[in-house]
Amino acid sequence: MNFKIKQVAVLGSGVMGAQIACHFANIGIKVLLLDIAPKELDEKEIKLGLDLNHPKVRNRITNQLFVRTLKLKPNPLYKKAFAKRVSLGNLDDDLPKIAGCDWIIEVVIENLNIKKSLYEKIELYRKENTLITSNTSGIPIQILTQDRSENFKQFFCGTHFFNPPRYLKLLEIIPTKETKQEVIDFLSYYGERYLGKSVIECKDTPAFIANRIGIYSMMSVVHLMEKMGFSIQEMDKLTGIIIGRPKSATFRTCDVVGLDTLVFVAQNLQKVLVHDESKDTFLVPESVQKMMALKWFGSKTKQGFYKKVKGEDGQSEILSLNLDTFEYQAQQKLKIPEFEKAKALPSLTDRIRSLITGESKINQFYQKLFFGLFAYISHRIPEITDDLYKIDEAMCAGFAWEIGPFEIWDSLGLEKTVPKMEKLGMKPAAWIYDMMKNKTSFYQLQKGNSQFYDISSKTHKTIPGSEQFISLKNIRSNQTIWKNEACSVINLGDGVLNLEFHTKMNTIGSEIIQGINKAIELTEENHQALIISNEGDNFSAGANIGLVFMLAIEQEYEELDMVVKTFQNTMLKLKYASFPVIAAPHNMALGGGCEVTMHCDKVIAHAETYIGLVELGVGIIPAGGGSKEFALRLSNEMQTDDVRINRFKDKFLTIGQAKVSTSAHEAFDLGYLRKDVDEIVISRKHQLKYAKQSALLMLERGYTPPIPPKDITVLGKEGLSLVYSGADGMQVGNFISEYDKHLSIELGKILSGGELNEPTLVSENYLLNLERKAFIKLCQQKKTLERMQSLLQKGKILRN
């Protein structure tokens, strides 16, 4: 069927419903958000003399919940203005409007009778063949549509979004026996391409896939903590980033999600999982039951496993709960030798291997944690899914694990782990022993495609859909044509190369500059286009400030000048290459990383791109061409005298306040991305393939490199007067320091073109020289070095 989604109805405006509505608004869809009408007036409505029939009263619950959602941090919307795409109403008066919607999503309270009653009303107004789905995570999908029409059943399934829907990428689709295959196929396609989700089709089993495994894992940590005598703080140190899980680890995550939510799911699973060999893992310990009785649920009740307090000095402090005394205590500086040893290893799988190797208390904890998890996931097939890759993808997309449990198990080896698991009474499922006989693995690479072990056929099969996108991980070993320690040049085929950074947080140093120049050279020789993208956590956190600090502190100013000039020249080579150059940033693209994108012909940004020139926060100015590019873009935008000062002010404040976009959409407003040139993609999986297609399209249209401009309009003293007056006012008001005022003026001189008596036409090289001289001048300032040193010591900027 040819489904077209123009308007979506979301029924239920609570925590999930309103955020789901926001995410549809993010992608440009009109949304109808409805909730119940109030049964009684509140105090404010009584004072205003309103009655229950007044429109403001009728929509009060939806309005209040939606306003509360818009205040969430991080924000559920890419841009505040997108809230206008959501229309609010109530289920009594506005339900007939669902007749004009293409997809109806039910997100009301987890109560079977309430859901069934709502479905009966929906059936009165829903157009035939309209998609209808439920976000339930606790009620079997199959029983929801009892007594509904055949058409309702055929177009119905579960669509389980994860909280927060904008940021967590998992979407579980749970069909019923009656759901049409074309409905499943469309929702999978739409979820991935339009909503940017990792879409997993699940069986209709308790908690589906991610929550089943995720809650098991969290409860395992709780029980191991009690049995082995660890503290909450120790557990969070041991179950966070070090093993590829979120920084919030176990108990901070629980505080954010809500202990009541975790306990509700765990108790429900313990009750319904009659045949689960590990069902006792879902039993809630007495200590947690006591917390429930005290209503210490976490963030929502201001205390849980952690509590934020203010000390006598007015500074905030986070205390952790001692489960023996039930008192909150100051957190300790923990030094765990096994942790420190593993931390030094660059590879996650190497860290885990180190942590489970040995007989210490820490080693034994990790053995029980991982071996128990391995056994558990092996027994869940075919119960919750027939395909092991779905478990890995669900945990990565739904719980933000860096790699999935089967991939971890692969890296450790079945032959080495299974005997140890048996010793601990954690015997895996029978099919694992079949794999061991065949000496095979869970995953393998075949012709650049990732394949998984299919249990029923005992062969490896290509992961469905993986052939539709480009994975650098899958082609890196065979298609790398040049590399150094910091980056690699990979052949994407069709004459297109990709430059991939792989330093810590993809910071830019001399080796990446070398790599950019080499990629340009290789493309010039034998290829047609260059893309700059990577699969790290961030596109690039910026230039290596540690190197700048070292040269500045040693007063090697000539060498520092050469380093900056080399960076600038490299950016110009990118900009004026004879072939298309496309940047495909994601997550952080800061400082030098931002400057790289600003010198490419086109940017294909992932929607979650946080881009900005942040150098003033370090005590310097952007000198890799970022300030120059803002002056150039300002010149292009200046059309009339009455707006040019306003445009100058906007550009100045963006760099001066080190503004970073909270999304790629906001990056257009800040001037980091260009309207009618740069583009946004929602699907991170498909970003690189789309960037490649864009490069090929540019070639097909007949690519001509840009001509270096020599007519950049700068305002001279007209712009500088605004900078001086603004900086003076900010300092007098104690909003900025004397040194910040100095930084502002140095930046203003670059954007204004210096102390020119009138608006003047200048070249890029003129502006780059101003940039570089200001940068070197600032690096000779004591205040700059003090600020750099302080940030380096605090770890807020990277040393290498």
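Modeller: Lys692 is buried, with a relative accessible area of 10% (buried is under 20%, exposed over 50%, partly exposed in between, with a 1.4 Å probe and protein chains only). The model is predicted, so local features need pLDDT of at least 70 and side-chain atom pairs pLDDT 80 or more, while totals for chains, interfaces and linings use all residues. Residues are numbered from 1 along each chain as its sequence is written, and side-chain values use heavy atoms, without hydrogens and water.

The partner of Lys692 is Asp494: the two form a salt bridge whose closest N and O atoms are 2.9 Å apart. A salt bridge here is a side-chain nitrogen of Lys or Arg within 4 Å of a carboxyl oxygen of Asp or Glu. This pair links distant parts of the chain, 198 residues apart, with Lys692 in helix 29 (residues 687–701) and Asp494 in the loop between strand 16 (487–493) and strand 17 (496–501). Helices (H or I, at least four residues) and strands (E, at least two) are DSSP runs numbered from the N terminus.

Lys741 forms a salt bridge with Asp728, with 2.6 Å between the closest N and O atoms. Lys741 sits in helix 31 (residues 738–752) and Asp728 in helix 30 (residues 717–732), 13 residues apart. Lys741 is buried at 16%, whereas Asp728 is partly exposed at 32%. Elsewhere, salt bridges with shared partners join Arg212, Asp276, Glu277, Arg380 and Glu383 into one network. The count of salt bridges comes to 45.

A cavity is a set of points on a 1 Å grid over the protein atoms alone where a 1.4 Å probe fits but cannot get out, and lining residues have an atom within 4 Å of a point. The largest cavity has a volume of about 60 Å³, a volume being the space filled by probe spheres set on points joined across faces, edges and corners. Its lining includes Met218, Met219, Thr250, Phe251, Cys254 and Phe305. Helix 9 (210–228), helix 11 (251–257) and helix 12 (259–272) are the elements that give two or more residues to this lining. By class, the lining has 11 nonpolar, one polar and no charged residues (Ala, Val, Leu, Ile, Met, Phe, Trp, Tyr, Cys and Pro count as nonpolar, Asp, Glu, Lys and Arg as charged, the others, Gly among them, as polar).

How values were computed: On a 1 Å grid over the protein atoms alone, a cavity is a set of points where a 1.4 Å probe fits but cannot get out, and a pocket is an open set with protein on both sides within 12 Å along at least five of seven lines; lining residues have an atom within 4 Å of a point.
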